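Trainee: I would like to learn how to read the features of a protein model. May we go through one together?

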Amino acid sequence: MAIKTVEWKNNSVRIIDQTKLPRELKFINCRDVKMLVSAIKKLKVRGAPALGVAAGFGVVLGAADIKNTVRALAASRPTAVNLFWALERMKKVAYRHKNLSVKDLKKVLLKEALKIQSEDKKTCRAMAGYGASLIKSGDTILTHCNAGALATADYGTALGVLYKAKSEGKKIKVYADETRPLLQGARLTVWELMRSGIDTTLICDNMAGSLMAQGKVKKVFVGADRIAANGDTANKIGTYPLAVLAKYHKIQFYVVAPVSTIDFNIKSGKHIPIECRHADEVKGFGTVKTAPANSKAWNPAFDVTPHNLITAIITEKGILHPSRLNAIAGRSG
Ligand code: MRU
């Protein structure tokens, strides 16, 4: 699954414009911080680990004015903690080298940003190894949103587990939630999984209950944007109802995320900042309007799944019960 979602190329942050998928695989070069911040806000680049990598490169772009660069990037999206984690790392390097010329500072910052990118690759592989050990040949798996190559620097978190299981020769069938309102599941996950030859079936979000009731889902694997210290997990809106359904139907529900997605400063999910996006995203898609022009709409981008609905959290450090996250505190990277 060689997809270069975020890269440093020709003094720019080169990203896949994910709003164009699956119609078109288009790359754009963000040459300055303003352009990158706008791309993040519009979800041209998205997914928690990919946002961390993009933020790292963003600080290289804005090396001449670290304070304002970090401030602008930090204000782009509030929920995925990987973005803030990467900014903290970059800020520390910048302050340690504050006496360098901008040209030399850029070099050390780029080194750190590339390190964040290459660590994410290794992390994806480690999580996939642990996660695939939970999959048996013949399993049918449900996933939500996109936690794949398009959301990381490698082949993903939840989808990485599926790619690994396939590479081990396990026969799996995947159901992908379309993921209203911006259709990351339909547009991105189905595109990715089909490219890799995994048997994939798209469902509308409201079909998951019937699918489970018919015994067609064995396990659920999802990613995460921020995990509180007690294991409560914020992920794309629609994850929480899936977890409730999974509990009712006695289906295992797994969260796959790097340690950098765990926010040990936040005790429980009620403290996780949830991004609220524009009502127009719910009232239509692109230029197609589906609701009356002056209607009201509520558009939270994420929800919080309480830890007691999660079977286990799969990180690069191993498979953990949500109540046992403290065992790996301070061990990211
Ligand atoms: O709004 P998005 O598309 O950035 O939301 C992404 C998700 O919710 C993913 O599941 C999460 O970031 C994990 S990605 C490995």
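Mentor: We shall take sheets, a helix, cysteines and aromatic rings in turn. This is a predicted model, in which local features need pLDDT of at least 70 and side-chain atom pairs count only at pLDDT 80 or more, while totals for chains, interfaces and linings use all residues. Residues are numbered from 1 along each chain as its sequence is written, and side-chain values use heavy atoms, with hydrogens and water left out.

Trainee: In what order do the strands of the open sheet of three strands lie?

Mentor: Strands of a sheet pair through backbone hydrogen bonds, either parallel or antiparallel. Helices (H or I, at least four residues) and strands (E, at least two) are DSSP runs, numbered from the N terminus, and two strands pair if DSSP finds at least two bridges between them. Here the order is β1-β2-β3, with antiparallel pairing. Because β1 (6-9) and β3 (27-30) stand at the edges with a single partner strand each, one side of each is left without a neighbour in the sheet. Neighbouring strands of this sheet are turned by 30 degrees against each other on average, direction ignored. Axes are lines fitted to C-alpha atoms, for helices over the stretch in contact, and angles run from 0 to 180 degrees between N-to-C directions.

Trainee: How many bridges join β2 to β3?

Mentor: Four bridges join strand β2 (residues 12-16) to β3. Val 13 has Cys 30 in β3 as its bridge partner. Helix α2 (residues 48-61) lies across β1, β2 and β3, at about 20 degrees to β1; contact means heavy atoms within 4.5 Å.

Trainee: Which residues of α4 are buried?

Mentor: An α-helix has 3.6 residues a turn, so residues three or four places apart point the same way. In α4 the buried residues include Leu 83, Ala 86, Leu 87, Met 90, Val 93 and Ala 94. Their cover includes α2, α3 (66-74), α5 (102-132), β8 (226-228) and β11 (262-263). Helix α4 (residues 81-96) has 16 residues and reaches 23 Å from its first C-alpha to its last, close to the expected 22 Å. The expected span is 1.5 Å times one less than the number of residues.

Trainee: How is the aromatic pair of Phe 221 and Tyr 254 arranged?

Mentor: A pair of aromatic rings is described by the distance of the centres and the angle of the planes. Rings of Phe, Tyr and Trp (its six-membered ring) pair if their centres lie within 6.5 Å; planes under 30 degrees apart count as stacked, over 60 as edge-to-face and the rest as tilted. By this rule the count comes to three aromatic pairs. Phe 221 and Tyr 254 are stacked, at 5.0 Å centre to centre and 25 degrees between the planes. This pair links distant parts of the chain, with Phe 221 in strand β7 and Tyr 254 in strand β10 (residues 252-256), 33 residues apart. Both Phe 221 and Tyr 254 are buried.

Conventions: Buried means under 20% relative accessible area, exposed over 50%, partly exposed in between (1.4 Å probe, protein chains only).
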